[in-house]
Structures are given as structure tokens and as C-alpha cells.
Amino acid sequence: MSTVRACIVKESKRIRKLLKDRFIELKLSNSDVIKDARGRGREITDSSFGRFINHVNVKSTLSQEDIIWLC
């Protein structure tokens with residue numbers, strides 16, 4: 001996947017790891033997280049969430065605002 005403009009939030013391995021750990025602790029699947037976010041007014045898609053969780057900073061991933069909201 002192609003990379004985009006540098007972003008310390010989107011490229012943070014620590015943020016990604018801590019979010020993944022928290023989702024595991026809460027026993028939430030990716031689809032559970034997306035469903036909850038949508039229920040709270042966030043427009044997070046399956047594909048953008050997957051790109052954030054599985055890759056670094058790539059095109060069509062979550063916005064900085066969405067990542068901070070998840071935190």
C-alpha cells in the first residue's frame with residue numbers, strides 16, 4: 001500500500017499497540033469497535049479501520065481525529 005503524508009498519530013506504533021491491547025482486554029472484535037463508533041456518531045468504515053490496525057500510515061485509513069477519539 002502506498003504511504004501518504006507523515007503523521008505522528010497515524011504512524012505511532014505505541015498508539016496502535018495500546019488500542020489493540022485495550023480491545024483485547026475488553027473482548028471487542030474489530031466489528032464491535034466499528035459498530036460502537038458508528039453508534040456514537042463516528043463514520044468509521046471496516047476498510048479504514050482495518051488499514052489502521054494492520055498497516056502504518058496508508059491511504060484511506062482512519063483520520064487523526066478518529067484515532068484520537070478511539071483513544
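Which residues of H3 are buried? The legends below answer this question and then turn to other parts of the structure, which is a predicted model.

**View 1. The buried residues of helix H3.** Helix H3 covers residues 46-54. Its buried residues are Ser48, Phe49, Gly50, Phe52 and Ile53. These buried residues pack against three helices, namely H1, H2 and H4.

**View 2. Serine 47 in helix H3.** Serine 47 also has its place in helix H3. Its relative accessibility is 40%, so serine 47 counts as partly exposed; a residue is called buried under 20% and exposed over 50%. In sequence, serine 47 is 42 residues apart from arginine 5, and the C-alpha atoms of serine 47 and arginine 5 lie 19 Å apart in space.

**View 3. The packing of H1 with H3.** Two packed helices are described by the angle between their axes and by the distance between those axes. For H1 and H3 the angle is about 115 degrees, and the axes are 9 Å apart. The two helices, H1 and H3, are therefore roughly perpendicular to each other, since angles of 65 to 115 degrees count as roughly perpendicular. On the side of H1, the residues that meet H3 are Ile15, Arg16, Leu19, Lys20 and Phe23. On the side of H3, their partners are Phe49, Phe52 and Ile53. Six of the residues in this contact are nonpolar and two are charged, while none is polar.

**View 4. The largest pocket and its lining.** The largest pocket holds about 230 Å³ of space. Its lining consists of 13 residues, and those nearest the centre of the pocket are Leu19, Arg22, Phe23, Leu70 and Cys71. Helix H1 (13-25), helix H2 (30-39) and helix H4 (64-70) each supply at least two residues of the lining. The largest share, five residues, comes from H1. By residue type, the lining divides into 10 nonpolar and three charged residues, with no polar ones.

**View 5. Lysine 27 in the loop between H1 and H2.** The loop between H1 and H2 contains lysine 27. Phi of lysine 27 is near 60 degrees, a positive value in a residue other than glycine. With a relative accessible area of 73%, lysine 27 is exposed.

**View 6. Serine 60 in the loop between H3 and H4.** Serine 60 is found in the loop between H3 and H4. Although serine 60 is not a glycine, its phi is positive, at about 65 degrees. Serine 60 has a relative accessible area of 43% and is partly exposed.

Conventions
Residues are numbered from 1 along each chain as its sequence is written. This is a predicted model: local features need pLDDT of at least 70, side-chain atom pairs count only at pLDDT 80 or more; totals for chains, interfaces and linings use all residues. Side-chain values use heavy atoms; hydrogens and water are left out. Helices (H or I, at least four residues) and strands (E, at least two) are DSSP runs, numbered from the N terminus. Buried means under 20% relative accessible area, exposed over 50%, partly exposed in between (1.4 Å probe, protein chains only). On a 1 Å grid over the protein atoms alone, a cavity is a set of points where a 1.4 Å probe fits but cannot get out, and a pocket is an open set with protein on both sides within 12 Å along at least five of seven lines; lining residues have an atom within 4 Å of a point. Grid points are joined across faces, edges and corners, and a volume is the space filled by probe spheres set on the points. Ala, Val, Leu, Ile, Met, Phe, Trp, Tyr, Cys and Pro count as nonpolar, Asp, Glu, Lys and Arg as charged, and the others, Gly among them, as polar. Contact means heavy atoms within 4.5 Å. Axes are lines fitted to C-alpha atoms, for helices over the stretch in contact, and angles run from 0 to 180 degrees between N-to-C directions. Angles under 35 degrees count as roughly parallel, over 145 as roughly antiparallel, 65 to 115 as roughly perpendicular and the rest as oblique.
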